[in-house]
Amino acid sequence: MEAGIGTAVGTAVTTLAGPVAAQAISRESTGLTVRLKVNGTEHDLALDPRTTLLDALREHLHLTGSKKGCDHGQCGACTALVNGRRINSCLTLAVMHAGDEVTTIEGLGTPEKLHPMQAAFVKHDGYQCGYCTPGQICSAVAVLQEIEAGIPSYVTEDLTAAPQRTEAELRERMSGNICRCGAYSNIVEAITEVAGRPA
Amino acid sequence: MRPFTYERAASPAEAAAAAARNPGARFIAGGTNLLDLMKLQIETPSHLIDVNGLALDRIEPTPEGGLRIGALVRNTDLAADARVRRDYGVLSRALLAGASGQLRNKATTAGNMLQRTRCPYFYDTSQPCNKRQPGSGCAAIGGFSRQLAVIGGSEACIATHPSDMAVAMRALDAVVETVRPDGTTRSIPIAEFHRLPGETPHVETVLEPGELITAVTLPPPAGGVQIYRKVRDRASYAFALVSVAAVVQRDGTARVALGGVAHKPWRVEAAEAEIPRGAKAVTAAMLDGAKPTHDNAFKLRLVERTLGAVLAEAKG
Ligand SMILES: Cc1cc2nc3c(=O)[nH]c(=O)nc-3n(C[C@H](O)[C@H](O)[C@H](O)COP(=O)(O)OP(=O)(O)OC[C@H]3O[C@@H](n4cnc5c(N)ncnc54)[C@H](O)[C@@H]3O)c2cc1C
Ligand code: SF4
Ligand code: FES
Ligand code: FES
């Protein structure tokens with residue numbers, strides 16, 4: 001247990017490991033304390049266990065970059081990086097991430113110091129309304145890391161060879177991020193530019 | 001979402017015991033299916049037992065020469081494992097055909113095996129559904145049934161099992177390992193793991209209350225050409241209309257399992273003797289007794305053609 005998860009706010013923190021801890025948690029499902037490290041800063045949050053990671057980010061930490069599109073894992077607007085891996089933050093509970101390191105769009109770069117992927121989206125106009133964009137960018141950053149790590153995809157022809165940064169690979173790997181404005185071709189151009197740079 | 005209490009289990013046996021003590025309890029692994037259903041109040045657990053910390057996230061060789069895949073191994077990590085890519089390609093391919101990169105990073109081996117149907121009426125709480133609410137009826141029979149089962153269904157339910165991974169596991173003869181609340185363990189061949197709907201479509205597997213999956217074991221590599229072919233309404237990020245998992249040997253023998261046609265991954269070992277006579281004969285034997293609806297009768301031809309394409313691809 002890296003982080004304290006306990007009963008209602010202000011009461012003693014219990015070690016959440018077994019039946020005793022289970023009984024210690026109130027039936028009203030209020031007030032678990034959970035420590036999250038978000039964009040490098042630690043936060044102790046008192047949360048209803050029902051709180052998704054997305055709602056903890058948006059409603060409790062006021063990091064509204066991550067968007068809620070569908071709230072059911074279908075659109076990718078809520079994509080964030082947890083311990084470096086992209087996930088749908090709407091389909092996971094904040095209390096399941098005690099001690100984890102979360103990176104949101106706000107942590108990738110700032111308006112003054114854009115992440116290369118953010119800069120490429122701006123340059124290539126990889127959006128229209130911008131609602132899906134934070135999720136697209138977080139996902140795209142992870143996609144390039146996944147290819148680098150040799151993780152295959154549905155379109156990888158030879159499973160035993162290292163996957164390449166082809167357009168077909170980028171498109172398939174980005175399929176969990178829906179853009180209602182249909183900015184796909186510019187999104188692919190932006191990612192392709194970053195992918196083409198020497199690592 | 002209904003309120004629930006939350007605990008982290010300390011060991012597999014304790015997780016199973018805790019689940020047995022709390023009749024309203026559910027295990028939560030990746031959460032990508034359970035939380036989706038909890039938000040819609042289709043699943044309403046009063047207690048969640050988080051099994052993510054149980055160190056069941058390793059893939060290890062077995063003494064027999066196979067692989068033991070921990071229940072908590074993520075779909076991404078299983079698909080990317082060098083041994084799986086080399087020796088169990090059909091499994092890698094099936095995993096990569098499912099969901100999205102984000103979802104596969106969270107989804108676990110056990111959770112994938114136990115994911116629930118995508119029948120549209122199961123998801124629509126204003127409709128009768130025997131699986132969601134036993135005894136309420138089945139809105140799919142006589143309703144919009146394009147995606148639903150063509151074989152093995154019942155008067156009570158014609159839902160399909162949506163997993164791609166499980167279809168490959170069926171072709172590979174995987175075995176599900178579990179621990180029960182009393183601490184005893186058992187091994188369940190995948191052929192016996194999922195149930196047909198019968199009168200009780202809400203009972204989807206042979207797992208007992210509180211029984212926890214600890215691993216899924218693969219026998220030694222089957223060799224051959226391994227193919228997973230999935231047919232869906234768009235090129236990516238959609239559930240299968242039908243899918244074929246095949247392990248085809250040089251001598252022309254093969255193992256074949258189908259997805260998208262039944263309440264469980266569908267394999268008929270006896271039908272595999274028909275392989276030399278081609279896809280039409282194999283399909284006829286595999287889908288003998290099929291009862292398609294008006295909406296999904298196309299799946300019979302689709303299986304035949306998909307299997308034909310798979311067998312042709314295997315010949316090279
Ligand atoms: C938009 C979307 C698209 C998808 N597309 C596809 C697709 O194309 N193909 C496909 O195959 N899947 C698809 N999926 C489903 C996805 O694969 C499943 O949600 C995932 O595999 C479930 O795994 P999990 O670990 O998140 O399970 P959870 O949600 O954590 O659990 C699922 C069930 O398993 C039980 N459980 C979990 N672990 C254990 C254990 N160790 N022992 C006993 N019980 C356990 C839980 O209690 C729960 O009932 C899609 C999902 C979404 C949201
Ligand atoms: S087919 Fe099964 S899951 Fe679908 S409505 Fe009928 S009972 Fe429910
Ligand atoms: S809001 Fe999470 S995937 Fe749509
Ligand atoms: S830019 Fe509008 S949804 Fe993608």
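In the predicted model, ligand 1 lies between chains A and B. Because the model is predicted, local features require pLDDT of at least 70 and side-chain atom pairs count only at pLDDT 80 or more, whereas totals for chains, interfaces and linings use all residues. Residues are numbered from 1 along each chain as its sequence is written, chains are lettered from A and ligands numbered from 1 in the order in which they are written, and side-chain values use heavy atoms, with hydrogens and water left out.

The shell around ligand 1 comprises 35 residues, a residue being included if one of its heavy atoms lies within 4 Å of the molecule. The closest are Arg26(B), Phe27(B), Gly31(B), Thr32(B) and Thr108(B). By class, the shell divides into 16 nonpolar, 14 polar and five charged residues (nonpolar: Ala, Val, Leu, Ile, Met, Phe, Trp, Tyr, Cys and Pro; charged: Asp, Glu, Lys and Arg; polar: the others, Gly among them). In chain B, strand 2 (25-28), helix 7 (109-113) and strand 8 (212-218) each supply at least two residues of this shell; helices (H or I, at least four residues) and strands (E, at least two) are DSSP runs numbered from the N terminus.

Oxygen atoms of ligand 1 approach several polar atoms of chain B. One such distance, to an N or O atom in the side chain of Arg26(B), is 2.7 Å. A polar backbone atom of Gly31(B) is likewise 2.7 Å from an oxygen atom of the ligand, and for a polar backbone atom of Leu34(B) the distance is 2.8 Å. Ligand 1 taken alone exposes 990 Å², of which the protein buries 96% (accessible areas by the Shrake-Rupley method with a 1.4 Å probe).

Between the two protein chains, 53 residues of chain A are in contact with 50 residues of chain B (heavy atoms within 4.5 Å). Chain A and chain B bury about 4100 Å² between them, 53% of it on carbon and sulfur atoms; buried area is the accessible area (1.4 Å probe) that two parts lose on being put together, summed over both. Leu91(A), Tyr154(A) and Leu159(A) supply 18% of the area that chain A buries against chain B, more than any other three residues.

Two salt bridges are counted between chain A and chain B, each defined by a side-chain nitrogen of Lys or Arg within 4 Å of a carboxyl oxygen of Asp or Glu. The side chains of Asp77(B) and Arg85(A) form a salt bridge with an N to O distance of 3.1 Å. On the side of chain A that touches chain B, helix 1 (19-24), strand 4 (85-88) and helix 5 (133-148) of chain A give two or more residues. Strand 4 of chain A gives the most, with four residues.

Over all chains, the structure holds 34 salt bridges. Among them, Arg173(A) and Glu169(A) pair through their side chains at 2.9 Å, N to O. These residues are separated by about one helical turn because Arg173(A) and Glu169(A) are four residues apart in helix 6 (residues 167-173) of chain A.

Technical notes
Polar contact = N/O pair within 3.5 Å; in protein donor to acceptor, adjacent residues only side chain to side chain.
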